[in-house]
Number of protein chains: 4
Amino acid sequence: MSNTIGQLFRITTFGESHGPAIGVVIDGCPAGLKIDTEFIANELSRRKPGQSKITTQRKEDDSPEILSGVFEGVSTGTPIAIIIRNSDQRSKDYDHIAEKYRPSHADYTYQEKYGLRDYRGGGRSSARETAARVAAGAIAKLLLKEKGIEIKAYVSQVGSIVLEKSYSQLNLEDIETNIVRCPDVDTANRMIELIDETRKGQDTIGGIVTGLAIGVPVGLGEPVFDKLHADLGKAMLSINAVKGFDVGSGFEGVEMRGSEHNDQFSKEGQKIITTSNFSGGIQGGISNGQDIYFRVAFKPVATIMKEQDSLDIHGNPVKVTGRGRHDPCVVPRAVPIVEAMTALVLADHFLLNINSKL
Amino acid sequence: MSNTIGQLFRITTFGESHGPAIGVVIDGCPAGLKIDTEFIANELSRRKPGQSKITTQRKEDDSPEILSGVFEGVSTGTPIAIIIRNSDQRSKDYDHIAEKYRPSHADYTYQEKYGLRDYRGGGRSSARETAARVAAGAIAKLLLKEKGIEIKAYVSQVGSIVLEKSYSQLNLEDIETNIVRCPDVDTANRMIELIDETRKGQDTIGGIVTGLAIGVPVGLGEPVFDKLHADLGKAMLSINAVKGFDVGSGFEGVEMRGSEHNDQFSKEGQKIITTSNFSGGIQGGISNGQDIYFRVAFKPVATIMKEQDSLDIHGNPVKVTGRGRHDPCVVPRAVPIVEAMTALVLADHFLLNINSKL
Amino acid sequence: MSNTIGQLFRITTFGESHGPAIGVVIDGCPAGLKIDTEFIANELSRRKPGQSKITTQRKEDDSPEILSGVFEGVSTGTPIAIIIRNSDQRSKDYDHIAEKYRPSHADYTYQEKYGLRDYRGGGRSSARETAARVAAGAIAKLLLKEKGIEIKAYVSQVGSIVLEKSYSQLNLEDIETNIVRCPDVDTANRMIELIDETRKGQDTIGGIVTGLAIGVPVGLGEPVFDKLHADLGKAMLSINAVKGFDVGSGFEGVEMRGSEHNDQFSKEGQKIITTSNFSGGIQGGISNGQDIYFRVAFKPVATIMKEQDSLDIHGNPVKVTGRGRHDPCVVPRAVPIVEAMTALVLADHFLLNINSKL
Amino acid sequence: MSNTIGQLFRITTFGESHGPAIGVVIDGCPAGLKIDTEFIANELSRRKPGQSKITTQRKEDDSPEILSGVFEGVSTGTPIAIIIRNSDQRSKDYDHIAEKYRPSHADYTYQEKYGLRDYRGGGRSSARETAARVAAGAIAKLLLKEKGIEIKAYVSQVGSIVLEKSYSQLNLEDIETNIVRCPDVDTANRMIELIDETRKGQDTIGGIVTGLAIGVPVGLGEPVFDKLHADLGKAMLSINAVKGFDVGSGFEGVEMRGSEHNDQFSKEGQKIITTSNFSGGIQGGISNGQDIYFRVAFKPVATIMKEQDSLDIHGNPVKVTGRGRHDPCVVPRAVPIVEAMTALVLADHFLLNINSKL
């Protein structure tokens, strides 16, 4: 039940880290959308391991194969299935944890929930699953682009290094100019340094990704349970290692007075705008036409190269030390994942909203 | 589509603030559960307006009527419908906003999305809708209690007054001893003072509610999209005025190293535990048997008694001043709502988990 | 889970025959639809007991109360909740079956599935639940009417009395001219006589209702699992006492050759038509713009006034004799129910289809 | 939206007839089920074309590849994805219909609904899609077998040749002894002769498949909309070429009196049984422990080798003549498909029922 998200633009992902393939079925993409396969591949390469010195050195060949739903380069309205074969599988790297629970991993909970688990590379709990999300998100982005909606994300915090500027003070074109994906070059350099140093210390560190959607029309989001930010929040919290989400003023807004926080309506030519945007572009759960922005908090990666205490599946105390190739900080590669999940939620709500009025 | 939440323990709410009634249909409650109507009424009275000097003085008669699904005091497995009649409706209090958009309210987005709106008391966007959630949540709590799961919530921040102790350092029995629902008496008094002062200044202020689930068995939560904390996050973010959610170490965990943050497994007698709990009781999206705890950030209430600039539905500039009776701070009354949404998510995942293994 | 039907135009029904009320929540009705309450009441009166000598003489006061989702006579896009209070409840009529399983009723299966049951009047399994469907179906009809879609149903068989003419040979205006709702007066009279005679013999008899949808645009229905006739079939088979469904040529088409059965395309002015319509207006699961027609088979009502062998809930042999007031034949009152379910399925598919292409 | 069926045991199929592959994702299969790949392959070979002189001579290599969800031969609780590569694709056979609407096919409705279509071999509307259902159904069968539930289907009518015996008078072991899959050898021979003769006449003919589920426990099926036979009906009506479904006494029961039709309860040792079974093993939408049986009506295959009148996509009159290799009668190959859909529905309801009572 848990491998599907979306109501009208709906995706189902499948696949384990070290099985034959991972993949996704996208059901509900309207017919007539030009499917730019190069764009999909490019999005996947932004997520893929081994892209820089501050990401895992593991190599994954993320070549997507479209199995269905596209005819002569255009979506047909039938499900689009995409698979990505697994390769460079050093399953042996995982033999040492076949019977051990890695701290703060999903080993123990999967074992208890299912009575068994595919321990190789974390199996289904591996972040490799997010490649399927990125592939599907690329198609959602293509759909949204047709509707004038653009999605961006960038790293706004690594450890205690905080990007102090807000998105409107930044040149978002600079996001991809550096390997940490922070649009402020100075801050980016400090972040890179911190990650590199953490990696050398055989440790890991957390960070924050800021997400942004521009050009969203008024009306997306459903009242009550499927509020736009509630669905965005769920989508973000479903990404591996995410521990928090806030939108607009978020946790900081807690300290504000209503008189400061309220976004007053005004007009810019014929367009209704708000003179501030503490709402984060969403009011009553529904987009109000202003920029949507939110933060996603990632914990430090659980796999560390230091020895830790743990238990094996029989309940005996054991020592666990990370092996293989892992990210010292997940946020640089999380940027395209945050974008993909944003695109999936917005595409779904775009289709849902079409039926709001007669 | 947006008025339903849950897959197996599924609720659908309905009703506007100033219509004849609000209500909820609970579908999927197993047969054989004793339905304690006094408990439901008590939960509603914890949410209801007018309960203290720091909440709105509006009176609502929150008397629930069970229309179906209960026979001789026991659930029958068929849908349980509960309605609460609206009364004390001063609809006239809202005539002045029939054609005006209140800043940071849902007026503008509803009007644009639907082409019309029931403006009386905010209609469907009114926090009165949460009474239906609390009624349903009470039944979820009764179900969870049978399974040994207990849910608590309390106010941990108002404006910049922060409750510095963690839940394990507090006596949770003290939550209901004061009107702000903070289990630390000193902090509670300072919070009450701040709210009272804010109210006198015709303003409002935000706050944070901490939620807690104790006794949750290992295995609740589904991998990938329906991770337990993703569903909790969505449920919380769907509550009016919520702008943020984090679980376990949350936003603070961002600054930690993996070596500090990892929760190492150990044994307490025969029970597997973790020696720290930065994970917040959830690993890989699945409960690990430790306490689940999370924070929910509420913005300051949008209705203030001060004059603000805005537009009317024709796009003309207008002045808006709040009338009627409103909360200066939403968190004291939000405590039972956070508990209710927690119970609904856990009840649903409890039922979902039963089919995990053969 | 079972009390909801529809994806975008979605209804949830609740209520037991002898509880306080039955009702329905309609979620997904677009805003801006004029809600004609007289029409809803009229549809309910077509279903209600006691309307003629060939229906049950039980009286039910089917007065619908709209609790939400309608403001100033127009749908607001929020859930429309309608309740119908139960009255004239002769619960005592059912005391004799509190511990007995009536043959071919749901008593035994409910008792086993749920461990208990509300035995009064069949509880949730009572056909009274269909009043909620008719109320919701009335709103779906109002929506479809705006789109030029008309729905009709009539009795085409009672026992072995078959209406030999097809719908195109009949004057459908005559359906409501007689109490059995068969548009051919001669056949209607024979049907009425048979039902009356059956009733006098303290027995019951089955029948067939033919359903019809005219003016359905091309494109409704989704390929693969949610084919238009698959969803119509499920909706019909979910009505109490229904044992069969076929569409177009149906069971008779089995004996035909492809060369006879194929509907050849042609043009009528600029409109694409088929020169025959064995497909019943649906090809590949999708409406083709021709009339949609189908049959719904109802078994004889299970409650008979004759003594029958059965068991009690302890497994002891008992005698059961029907009491109270029951229909000798269900089809005259089933006509509006078949129409309602047809309207609900078409309204849902109408909304679903809007997103088929970019 | 239409490519998914099931709530807890949920499948999503994808793929076009002449694309790279078709496939299915099974989400919700409990962990710990032994996955017998040979059994899956065998089920697929019962469906596959070219298996006898009375089926299409087209060859399809139905080799399933399991991509995920199975570890060391056992289900892990994560989604099981299976793909089947397409081969022997004579796409050129379809060039002549790229711009023509074949009568009683899905060409016209797909073209109108989606604005374009993959015309090769019918694309998504091809019966090749059912191979994905059979693969998933095989896994559902393995699950049901663990629970003592057995599923069978056989051909009970071809054209006007009717198998007069009921399932209880037949030796079901004989189903697979002949190429038409009718357990009565004499009738089977007459059916084979009729199909062969029809094929030689370049025509096609319809037929009926009877489905059967034995050993179903009491309690499967949900009241109201998701009645067990309503879900079975939908599942069957979603199979290509199906025009009708009835359960138990079905359309014939219409002519019966209640006193004949009612199934009286009795005991066989300690087991509660009914002395007749006109209900078809389902009462009030819930299985009663008796055998479940139903009929599925298939129209004659639309592709015939005779010339027919039609239109092209520009609305011009054209002649269409079937080419390629097609079935003269679909029922022999439909038997495993009916079984698969039965298994999928029962597996889903088996899991749903587990939560009926506390």
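How many positive and negative side chains does chain A have, and how far apart do the centres of the two sets lie? There are 42 positive and 46 negative ones, with the centres 3 Å apart. Here Lys and Arg count as positive and Asp and Glu as negative, while His and the chain ends are not counted; the place of a charge is NZ of Lys, CZ of Arg, CG of Asp or CD of Glu.

A note on the model: this is a predicted one, where local features need pLDDT of at least 70, side-chain atom pairs count only at pLDDT 80 or more, and totals for chains, interfaces and linings use all residues. Residues are numbered from 1 along each chain as its sequence is written, chains are lettered from A and ligands numbered from 1 in the order in which they are written, and side-chain values use heavy atoms, with hydrogens and water left out.

**View 1. Chain A on its own.**
Chain A carries eight helices and 18 strands (DSSP runs numbered from the N terminus: H or I with at least four residues for helices, E with at least two for strands). Its C-alpha atoms fill a box of roughly 65 × 50 × 35 Å along the principal axes. The radius of gyration of chain A is 21 Å, which agrees with the value near 21 Å for a compact globule of 358 residues; that radius is taken over C-alpha atoms, and the rule is 2.2 Å times the number of residues to the power 0.38. Of those 358 residues, 70% are buried (buried is under 20% relative accessible area, exposed over 50%, partly exposed in between, with a 1.4 Å probe and protein chains only).

**View 2. Chains C and D as a pair.**
Turn chain D by 180°, shift it 0.0 Å along the axis, and it can be laid on chain C with an RMSD of 0.0 Å. That's the relation of a two-fold axis. The superposition is by least squares on the C-alpha atoms of residues with pLDDT of at least 70 in both copies. The copies meet through the same surface, since 100% of the interface residues of chain D are also interface residues in chain C.

**View 3. Helix 2 of chain C, up against chain D.**
Helix 2 of chain C spans residues 107-114, and seven of its eight residues are buried. Among them are Y108(C), Y110(C) and Y114(C). The buried residues pack against parts of chain D, including strand 12 (265-268), strand 13 (271-274) and helix 8 (331-353). Contact here means heavy atoms within 4.5 Å. Just past the helix, G115(C) takes a positive phi of about 80°.

**View 4. The loop around G77(C).**
G77(C) sits between strand 6 (74-75) and strand 7 (80-85) of chain C, and is buried at 13% relative accessible area. Beyond its neighbours within four places in sequence, G77(C) is in contact with Y114(B), C29(C), P30(C) and A31(C).

**View 5. S156(C) in its strand.**
S156(C) belongs to strand 8 (residues 150-158) of chain C and counts as buried at 9% relative accessibility. Not counting residues up to four places away in sequence, S156(C) touches several residues, including I161(C), M191(C) and I208(C).
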